Amino acid sequence: MPAVSTARRIRVVVAKPGLDGHDRGAKIIARALRDAGMEVIYTGLHQTPEQIVETVIQEDADAVGLSILSGAHMTLVPRVVALLAEQGIDDVLVTVGGTIPSDDIPELKRLGVAEVFTPGAPTQAIIDFIKTAVPRSSGRA
Amino acid sequence: MATQQQTPLEGWERAYGQTPERDVPFTTLGGEPVRPLYTAADLPAGIGGPDDPIGLPGQFPFTRGVYPSMYRGRLWTMRQFAGFGTAEETNERFRYLLEHGQTGLSTAFDMPSLMGHDSDSPRSLGEVGREGVAIDTLDDMQALFAGIDLGDVSVSMTINAPAAVMLAYYVVAAEAQGVPADRLAGTIQADILKEYIAQKEWCFPIDEAMRLLGDMVQWCSEHMPRWHPVSISGYHIREAGATAAQELAFTLKDGLTYVQQAVDRGLDVDDFAPRMSFFFNAQIDFFEEIAKYRAARRIWARELRDTFGAKDPRSWLMRTHAQTAGVSLTAQQPLNNIVRTAIEALAGVLGGTQSLHTNSYDEALALPTEDAVRIALRTQQIIAHETGVTNTIDPLGGSYFVEALTDRLEAQAYDYFRRIDELGGMVQAVKQNFPQREIADASYELQGEIDAGRRIVVGVNAHTEGDDETAVLHRVDPALERKQIDRVQAVRARRDAAAAERALSALQAAAAREHTNLMPPLLDAARAHVSEGEITQALQRVFGSYTEAPVF
């Protein structure tokens with residue numbers, strides 16, 4: 001029985017918050033997740049936290065990956081997380097990628113970020129992480 | 001007696017064929033196959049003839065360098081790029097650099113300034129003064145250069161979409177020092193096409209952005225004879241994941257597009273082409289990079305002389321700045337980045353660059369610390385003074401492999417030129433996402449090779465060591481954001497509000513008229529202390545803004 005055809009594919013929003021235009025990583029990840037069978041919505045550049053949360057809601061996403069290489073992660077990530085909480089969203093997996101110093105990672109995780117991927121992280125590790133963590137957070141496969 | 005009839009080359013081929021090769025892809029970083037051996041047969045035709053493709057340094061087609069003496073006459077300029085916090089912090093750094101013998105200043109702007117947002121815009125939250133200096137008004141520009149004689153120093157400003165606005169602030173700041181525009185020396189990047197292709201810091205739609213650039217180039221050609229109004233930049237194209245061939249092709253095509261635009265506006269090519277300059281990446285594939293610089297010089301010289309009919313030999317010269325590849329730096333085992341940067345810097349030098357910025361080893365993680373910046377500068381000094389590579393000009397000229405790579409990159413660039421022309425030229429190609437898609441495909445392919453372990457990155461997918469980060473990181477004081485917001489609000493409160501309003505209305509009216517140069521109303525707006533964000537918004541009311549349809 002082809003269970004796969006009826007199973008909902010994992011829906012991931014790949015987002016670029018803030019003003020930084022470094023989108024090489026975000027685009028590679030978006031494509032790799034798509035090639036791994038997920039539904040990927042890439043927001044494009046220069047998104048406000050409000051726009052990103054709106055996209056997560058509209059797309060009924062299971063996960064959102066925030067890509068930041070501007071150093072503004074300690075301002076932008078907490079706002080996205082707080083806005084998600086304000087909207088009563090507690091089942092969307094939040095991951096962060098980019099130039100994130102290791103000292104900042106514990107605080108991001110304390111805020112609710114599931115994982116932080118720094119430069120050099122293999123795309124397969126990111127795919128595996130999302131595949132493993134999404135069913136746990138949203139009950140979907 | 002077969003061995004007696006065998007040529008030495010056949011002998012080598014036979015011997016080589018008997019040795020099994022390592023099971024790795026023998027390709028350049030750009031994915032191009034590399035043969036086991038290059039010989040005299042790989043040299044281009046016509047060496048020593050009237051159209052010698054290699055030639056001599058300082059002679060057409062400048063493959064071996066733009067100047068006859070190159071580094072025996074003068075070393076490249078070691079120009080490290082700096083900027084952070086408010087104008088005062090960066091001014092202190094600038095004065096320190098000048099006191100220590102640096103003659104040129106290179107300004108990095110923060111993200112809000114690069115995008116035309118004031119520091120107190122909600123869009124600027126968390127980004128003010130973080131990746132460069134925050135400049136909102138004329139007052140900030142004056143503070144940035146306080147105590148520095150602008151008639152006496154060469155200033156580089158790395159800003160693109162709002163370049164005309166920043167240039168207006170700069171010209172008015174100099175005016176206030178009593179230095180007229182025709183004495184100002186320096187460079188503003190202003191390469192807007194590569195923003196849509198790669199760096200993605202834009203304010204307006206493409207056609208309107210091209211108009212603003214054209215206005216600025218034209219104004220500079222009439223008023224600023226010592227100023228370089230555009231620095232055509234492959235650096236960011238490469239950082240976005242392009243191959244060497246793509247960096248070469250898209251950058252030169254951007255440059256040729258700017259030349260065409262200025263010619264179409266009625267300028268004489270020899271009136272502006274000598275002041276166009278370039279900015280290329282120096283990546284880790286050593287020979288491919290060297291070949292890229294050599295091919296770039298040859299193509300630019302030929303196109304300017306033969307296609308645009310430039311008569312002044314200075315119009316033919318592709319003078320370039322180079323920077324080592326930020327994208328090659330790894331967060332893992334960050335000290336390894338010192339080695340990567342040294343090799344890349346050496347490629348830039350052997351490629352014949354006129355100036356060079358070396359990245360700091362901690363930049364995969366944050367803005368660099370002072371210690372890391374010092375090692376980066378020392379790397380250039382070691383290359384210049386210890387290695388002996390500056391003793392002779394273009395030491396790799398005539399290398400079978402380097403000349404073959406140079407020819408191949410040149411042919412690949414012309415192939416891209418043809419494909420771009422078929423799409424209607426570079427502006428059309430960018431609107432159709434052509435270079436963007438080519439770059440995204442190339443970067444995805446390279447990442448696939450790294451992920452699969454076919455391409456080794458030391459410390460990342462081989463020779464790894466668990467928990468890596470040991471660098472002490474530079475931290476930007478979050479209080480600086482508040483300080484800068486207070487500054488721009490204080491300027492708005494104390495300026496002549498009616499004058500600011502009048503300047504903005506005049507600017508907006510000029511923008512709505514075709515064939516009206518926007519530099520004069522921008523200079524008036526700068527004098528009236530109108531902020532960058534206010535200017536950008538006034539122009540956007542006429543021009544609209546830009547939203548990318550991303551391809552991935």
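Me: What should I know before I start?

Reply: This is a predicted model, where local features need pLDDT of at least 70, side-chain atom pairs count only at pLDDT 80 or more, and totals for chains, interfaces and linings use all residues. Residues are numbered from 1 along each chain as its sequence is written, chains are lettered from A and ligands numbered from 1 in the order in which they are written, and side-chain values use heavy atoms, with hydrogens and water left out.

Me: How many residues of chain A and chain B are in contact?

Reply: Contact means heavy atoms within 4.5 Å. Here 39 residues of chain A touch 38 of chain B.

Me: And how much area do the two chains bury?

Reply: Buried area is the accessible area (1.4 Å probe) that two parts lose on being put together, summed over both. For chains A and B that comes to about 3200 Å², with 55% of it on carbon and sulfur atoms. On the chain A side, A:Leu19, A:Arg24 and A:Arg31 lose the most, together 23% of what that side buries.

Me: What about salt bridges between chain A and chain B?

Reply: Look for a side-chain nitrogen of Lys or Arg within 4 Å of a carboxyl oxygen of Asp or Glu. The count between these chains is two, and B:Lys200 with A:Asp23 makes a salt bridge at 2.8 Å, N to O.

Me: Which element of chain A gives the most to the side that touches chain B?

Reply: Elements are DSSP runs numbered from the N terminus: helices (H or I) of at least four residues, strands (E) of at least two. Helix H2 (24-35), strand E2 (39-42), helix H4 (73-86) and helix H6 (123-138) of chain A each supply at least two residues, but H2(A) gives the most, with eight.

Me: How do I read the second largest pocket?

Reply: On a 1 Å grid over the protein atoms alone, a pocket is an open set of points where a 1.4 Å probe fits, with protein on both sides within 12 Å along at least five of seven lines; lining residues have an atom within 4 Å of a point. Volume is the space filled by probe spheres set on the points, which are joined across faces, edges and corners. This pocket has about 430 Å³. Of its 20 lining residues, the closest to its centre are A:His46, B:Met115, B:Arg123, B:Trp202 and B:Tyr546. Helix H23 (residues 532-543) of chain B provides the largest share of the lining, four residues.

Me: Where is B:Pro61 found?

Reply: B:Pro61 sits in the loop between helix H2 (8-17) and helix H3 (70-73) of chain B. A cis peptide bond joins B:Phe60 to B:Pro61, with omega about 0°.
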